[in-house]
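This report concerns a single structure and is meant to be read alongside its sequence and coordinates. Two of its secondary-structure elements are taken in turn.

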Amino acid sequence: MQHPSIQTKKTITMGRFTSLFILPLFLLFPIIIQHAKPAMCLPLSTDSRWIIDENGQRVKLACVNWVSHLEPVVAEGLSKQSMDMIAKRIVSMGFNCVRLTWPLFLATNDSLASLTVRQSFQRLGLLESIAGIQAKNPSIIDVSLIKAYQAVVSSLGENNVMVILDNHISNPGWCCRNFDDNGFFGDPYLNSDLWITGLTRMATLFNGVTNVVGMSLRNELRGPKQNVNDWYRYMQEGAEAVHSVNPDVLVMLSGLTFDTDLSFIQNRPANLTFSGKLVYEVHWYSFSDGEAWVTGNPNQVCGRVANDMMRKSGFLVDQGYPLFVSEFGVDQRGIDVKDNRYLNCFLGVAAELDLDWALWTLDGSYYLREGAIGLNEYYGIVNWNWCEIRNSSFLEKISALQSPFRGPGLSETKLHKVIFHPSTGLCVLRKSLVEPLRLGPCTDSEAWSYSPQKNLVVKGTYFCLQADESEWLAKLGIFCSESNSKWELIADSKMQLSSKFRNGTSICLDVDSTNTIVTNSCKCLNEDNECDPGSQWFKLVDSTRSRSESVFQS
């Protein structure tokens, strides 16, 4: 993560580790057994732009990042809570996978990997963390760092959580800067041969561990040495190396410029000897676009950055590749204007494209980050003591995106639209013909169609969405030819649904404080950078998901 302050085979039980005894480094470390049964049929593979299980059913990656690449080289939070409790918390929050970071030297530096957890913290003077791990996770305090990493993977597997192993950095520490010597092949800490060795060792070590479903080959390639030709040379070599020793895992390739740019793939796809395992990944934060979210008009900025994202990476889904947004995130306190505006835009795009993703981050605090002991991580989904959720409304916002809207094996109903409201993470529902339309869980959404005449019609009925000028409400009606029944997506964001009253007044669909669907004057259609159109942002999302229950009463 590049922080804003650094802008410069059948159903398988969780597989037991098969000890290969090939790599001298790992001869030292006993193998950890996993027993749990996953919720889907693993391993995973790809089918065009979708990730699927062994039965051909789509599996949507709804992940959270868990940091394990900082100086202690131990998964964060284990001095605060047991790893089993953390794994269960991850599941309870609706995530099905973890992107677990690791530094290259964990797999290539024998003296580092063989340090015990206690020794690693002692060398950093982190005595309080030692006491915490002794209390919360005593089974790992005197095991090697690599075995402690395995134990975290095992605990996640026992709780049916998939894992993506992410080579985040080489030398343990915070990431990322343009000139941190870890950015691109040829930098002091990114020797290509050593990197291939590390990937091969980790892929071999976790071969047969069923809940390890993917390997992210390198985080946020960057810096003055980055170039397209070397990207192809080394990323393809790394992908082949991983696949040759662990053909089950998805191979995930990141782009250039802090993993924001994969545009070069459009005219020159990666050339690999294998198929059905390639996934591309991209990162997208508010600070990816400088101060635009603060200085610009939100509609204009959202339209511009969404188009930019499609040009640099989003096009991949149209070319038949899965795209995994392996990092996005915001200040969970909700006090950052640019984060709040960006998040609504991001959630709209992520819903519309039905992307796989990983939130940055799980971590509520760090043992040691950039010299600070016990640093509070405000991007963390849990709080400082790893005990409580930092912001429950954020979880509500992303909950609809934790399940797939469509994809192989999900044709429960015919293709239709749901009207998604990114600011709340809810969808437009109807309860009866006499009650106002309201927001509610997207699992209860009607199936809408959006006609060439710009009518929003409840499929299978004659009812269309209308603007009621007498009450400024949105309602259902059967006379769908007049102007108040036509809804056009306007503004650069293409997220405001605009209609006209019979008297010619233009209005936009909106939501009031009770989550009732109303109409109001359209917001933020000029150059104003102080306005907030979030309540009026909607996305018409393709879905084949059926409703969880019948909620319509005539």
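The model is predicted.

**Strand E3**

Strand E3 comprises residues 62–66, and five of the five are buried, so the strand is largely enclosed by the rest of the structure. Its side chains are divided between two directions: Ala62, Val64 and Trp66 point one way, while Cys63 and Asn65 point the other way. Both sets are buried.

| Strand paired with E3 | Residues | Sense | Bridges |
|---|---|---|---|
| E10 | 356–359 | parallel | three |
| E4 | 97–103 | parallel | four |

Individual partners can be named in these pairings. Ala62 has Trp357 of E10 as its bridge partner, and Asn65 stands opposite Arg99 in E4. E3 and E4 also belong, together with helix H1 (residues 83–92), to a right-handed β-α-β unit.

**Helix H7**

Helix H7 covers residues 192–205. At the start of the helix, a side-chain oxygen of Asn191 comes to within 3.0 Å of the backbone nitrogen of Asp193.

H7 is mostly covered, with ten of its 14 residues buried. Among them are Trp195, Ile196, Leu199 and Met202. An α-helix has 3.6 residues a turn, so residues three or four places apart point the same way. The buried residues of H7 also include Ser192, Gly198, Arg201 and the run Ala203, Thr204 and Leu205.

Key
Residues are numbered from 1 along each chain as its sequence is written. This is a predicted model: local features need pLDDT of at least 70, side-chain atom pairs count only at pLDDT 80 or more; totals for chains, interfaces and linings use all residues. Side-chain values use heavy atoms; hydrogens and water are left out. Buried means under 20% relative accessible area, exposed over 50%, partly exposed in between (1.4 Å probe, protein chains only). A polar contact is a pair of N or O atoms within 3.5 Å; within protein, one must be able to donate a hydrogen and the other to accept it, and residues adjacent in sequence count only if both atoms are side-chain atoms. Two strands pair if DSSP finds at least two bridges between them. A crossover is right-handed if, with the strands pointing away from the viewer, the path from the first strand over the helix to the second runs clockwise.
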